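Here is a short tour of the model for you to follow alongside the sequence.

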Amino acid sequence: MADATRRDVLRAGAAGAGALSLGSCATPPMAGTLDGSDWRRGHLVRDGKFPPANGAEQQAAILIAGGGVAGLSAAWRLKAAGFDDFVLLELEDKVGGNARSGRNPVSAYPLGAHYLPVPNQEAVALRRMLKEFGMIVGEEGGAPLYDPYQLCADLEERLLWRGSWQEGLYPSSGLTREDAAQRDRFAQEMAQLRNAVGTDGRPAFAIPRAYSSVDPAYTGLDRLSFAQWLDQRGYSSPVLRAYLRYCCRDDYGTEPEEVSAWAGVHYFAARRGWAAGNDGDRELTWPEGNGRLVSLLRDGVSDHVRAAHSVCAIAQHGDHAVVDAFDHNAGSTTRWNAACAIVAMPHFVAARVAPGHASEGRFRYAPWVVANVTVNRHPKGRGVSLAWDNVSTGSDSLGYVVATHQSASGGNGPTVLTWYLPLSRTAPSEARKLMMTRTLQAWQRLIADDLLTMNPDLMGAIDRIDVWRWGHAMISPTPGFLSDPARRAAIDAKPPVLFAHSDLSGLSLFEEAHYRGVVAAEAALAHLAHPFESLA
Amino acid sequence: MVDPVTGDDGGAQPDAPGSLAIILLVSVLVVATCGLIYELLAGTLASYLLGDSVTQFSTVIGSYLFAMGIGSYLSRHVRHNEIGVFVRVEILIAALGGWSGAGLFLLFPIVEDFRVALYALVLAIGILVGLEIPLLIRILRHRFAFRDLVSNVLTYDYIGALIASLLFPLVLVPWLGMIRTGFVFGLANVGVAVASLIALRARQSIGRDLVAALIVLASLVAGLFAADHIQRWSEVAFYGEPVIYARSTPYQRIAITRRGEDLRLYLNGNLQFSTRDEYRYHEALVWPVLGRVAHPRQVLILGGGDGLAAREVLRDPRVSKVTLVDLDPEMTHLFRDVPQLAQLNRHSLSSPKMQVINGDAFRWVRKAAGPYDAILIDFPDPTEFSLGKLYTESFYREVARLLAPAGVLTVQSTSPLVAPRSYWTVASTLEAAGLSARGYHAYVPSFGEWGFTMAAHSRPGDAVALPAGLRFLTQASERAMFDFPPDMARRPTPVNRLDNQALVRSFAEEWGHYDG
């Protein structure tokens, strides 16, 4: 079913493009933009076409290369330790990486990452940040108390299944006895693994991942794919498998056949959110998604940020790091000299600009398309009413999230729907090519068709569709990733060149990026003998 | 049945009735039934939509019969091919008559003068029906003796009338409804046309007429299947009263209906007030609160864009300022600027004491600064998760922050009789937000037994000062509102929080709308 649907979606897209190229102009073009991470600048790095550095060499004790969540978190950690002598260079005009956000007169909206689950007890640094940002507002019985306005309001999720919307993401009607039995068995097995502890005394699966057990009983799952593991365990129910496929694509942008069993299980067995009351399994979310966290992180370090700077080369000179960066506004390359460099870029970029310190390894990335659809009224539908996250079993997209879910009440007014599609069926390189060539109109048509299939009630309600393309949206935790020597080397790097990115965890999660940034910042502080109390 | 081709072919027995003749004779019965059904439909619809059934029926029947006379007169201008004209008349009647029920319902809210549309349709159908019998008599004149022909045609005509007049009130209206009835009899007319065409097919080319007939047939079948949707589109059929104003704003569908003196406001199809008894609701919303506040100077109304609660508040000379927060600018505009509606709230929305803020109360309360001596919360029922947020502990905490130390607030909180768990959830939630709550209820005929929840920083007392001139509340009836018989008595409920929306769930369950 899912196969046919996806082919239909692609065919509809191709047909749409064809119709447009034939000069069909019966309907006026819909408002919208086609945008994405800056490939022109990215490809300049890839092709190495920069003028050599000139002018005076710049100095900073610590230089952070990359202003995504990992780089910003490193900066946050330095600032929290009272350390000020650092600079953060960002390729784009705005920091935030794939947690960036947009805004129009109707609402702010995410361009990528859009929520943060209540962190586990082991995520000490993250909790410190959430307290600082007013998201943890107190304590109750020793557990952190979260601001109810920032926790995702009910109804969180609904699923379009057999023509009607139901609560939750797992189909609850029309299941065979076998479907129900496998669902329960899977839930039970995951609950066991969630509480499992390895021979080293660590939880089998943790977030941040670095706190997980290295007991081979669990890390051995990295050798096979999630699909193979499910087959071995006799999980064959098509309903269960469709749900698990949704989960893999949601968290990794990748099919279960290409995700390691370790990562597949991690999704279900690693979350033990720690909060007062019953809020442990909830999420923090905002209209602009994780853009909220990004802007709070940025506000604390904005004096240190240099945007529109492409880091084009990182090398070690003596005990110092030397970083060349091209300033897109000035049109010239500057050389920075730092006691320590924190390379907070996606690993495939890091391997290019710091070839002496990092190698490409087995890092693979999933491309995504995220569209923000501005509608003049709220979606409806048979069954339960609108939720925050709205998913259809009949679509290859991951459905849509309602940007005003947290901020507004009542009424049926305009809102923004953030629509997600991981291009997981074709090889990533093919998918990227498709992303580059497909026109805005073709994307809009495909997205509108998908939305209207889910919500025919939105006919005539779509005002604009802004499409955002992420060529390398997420790291894919493929089988064997854990034992990749390139990953190990980057994690174990010593000053003056350190690496910090969620790629190193193989999990594209805010928690991982934050952890990697904090750990690298602390290593740099230790290297500079700046006093601090570790949060890691 | 006789083979339609051979039965009427050739001229071996020119005076014997062939299959076409039999079809046509049977069709007299059908067209007579249909003709009367359309007449009854128009008369019923007119009295339903316009009221005064004696006038409506008399004028509709009169003009219909007169139009039939015009049709009979015009039949003399049909000089040849009577059968061809007859078939086309049938197709036209099928289209007009078949769609008449649905069309009149759909037209009612959008046309300027409904009577013009109604009588135009009645005249058109009447003229066409008036053509039928003369044409049929002329077509059949060679096949029957004149004596038999007149007898046959008129007999079938009157039998058809009897069938129609019995079917319509006993079967059609109760079982099919007016919209479907139209379509079903339109199908009968088009059936006559198609049967005649098939019988005719050997004699003349029928292609074009057949296509027209099939198109009409398809539209009627489609209409029949879409009857429920049409019913929904047609607000008249939905509300059961004439709609005098209807408009979709970005936030909701506003409809105002009027029948006689009774004016009603509907939002998204839910009744908000009826002028017959809204004073009961609004006196119960406002005076128990104002009557318990020593110095109500600053009053906040959340919701209530119709200005009726504000009207009550402004009767109190102690009040110096009223702040009203309503989401929909169209609502406050309507009830401020349309004279007929502004009259209902005694122009409360244009009072110099009034400040109207069009915004989302959920966001507004978080930024607002108090204190308010009285707060009246009059939101729509928590039918959706987004509305449920306006009944949560987090929301009430902000409201409590805006409430003066000696201030009192009240919340409209659905029916304690129909939905007791939902009703008492509001009290539990106000208490969880640190307030002291007391429930009370009033009988409002349009709504039934309706509940409110009063809350303050310390328990609101029994003593209440009521102004003179209230129509519903007296000291005694006010006190009685706080008494809950066992079927509405307080019961334990969860606290409604943003992350559990307990109220939306119990509300849906208790009102029986939840189908998730």
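Predicted model: local features only at pLDDT ≥ 70, side-chain atom pairs only at ≥ 80, totals over all residues.

## Confidence in chain A

For chain A as a whole, the pLDDT averages 91, and 95% of the residues score at least 70.

## Chain A: overall form

Chain A has 15 helices and 21 strands. Its C-alpha atoms fill a box of roughly 65 × 60 × 45 Å along the principal axes. What radius of gyration would a compact globule of 536 residues have, and what does chain A have? The globule would come out near 24 Å, and chain A has 23 Å, so the two agree.

Of the 536 residues in chain A, 50% are buried. If you look at contacts with a separation of 6 or more in chain A, 74% are between residues 24 or more positions apart.

One backbone detail in chain A is worth a visit: Pro495(A) and Pro496(A) are joined by a cis peptide bond, with omega about 15°. You will find Pro496(A) in the loop between helix 14 (485–492) and strand 21 (497–499) of chain A.

## Chain B: overall form

Chain B contains 20 helices and 11 strands. Here the globule comparison turns out otherwise: a compact globule of 516 residues would have a radius of gyration near 24 Å, but chain B has 32 Å. The C-alpha trace of chain B spans about 105 × 45 × 40 Å along its principal axes.

The domain assignment divides out domain 1 (4–234) and domain 2 (277–511) of chain B. Taken over C-alpha atoms, the centres of these two domains are 56 Å apart. In chain B, 49% of the 516 residues count as buried, and 73% of the contacts between residues at least 6 apart in sequence join residues at least 24 apart.

## Two hairpins in chain B

Strand 1 (residues 243–248) and strand 2 (residues 253–259) of chain B run antiparallel and are joined by five bridges. They form a hairpin with four residues between them, and Arg247(B) stands opposite Ile254(B) of strand 2.

Strand 2 of chain B is also joined by six bridges to strand 3 (residues 262–267), again in antiparallel fashion. In this pairing Arg259(B) faces Asp262(B) of strand 3. The hairpin of strands 2 and 3 has two residues between the strands, and Gly260(B) takes a positive phi near 60° there.

## Backbone details in chain B

A cis peptide bond joins Gly370(B) and Pro371(B), with omega about -5°. Pro371(B) lies in the loop between helix 15 (361–367) and strand 8 (372–378) of chain B.

Thr414(B) is not a glycine, yet its phi is positive, near 60°. It sits in the loop between strand 9 (403–412) and helix 18 (420–432) of chain B. Is Thr414(B) buried or exposed? Thr414(B) counts as buried, because it has 27 C-beta neighbours inside 10 Å. Gln501(B), also no glycine, has a positive phi of about 45° and is found in the loop between helix 19 (475–480) and helix 20 (502–511) of chain B. With 24 C-beta neighbours inside 10 Å, Gln501(B) counts as buried.

## Where the chains meet

How many residues of chain A are in contact with chain B? There are 24, and they touch 23 residues of chain B. On the chain A side, nine of the residues are nonpolar, 10 are polar and five are charged.

How values were computed
Residues numbered from 1 in each chain as written. Chains lettered and ligands numbered in written order. Contact = placed C-beta atoms within 7 Å. Nonpolar A, V, L, I, M, F, W, Y, C, P; charged D, E, K, R; others polar. Pairing = 2+ DSSP bridges. Rg over C-alpha atoms; globule rule 2.2 N^0.38 Å. Buried ≥ 20, exposed ≤ 12 C-beta atoms within 10 Å, placed from the backbone. pLDDT = per-residue confidence, 0-100. Domains from an automatic or database assignment.
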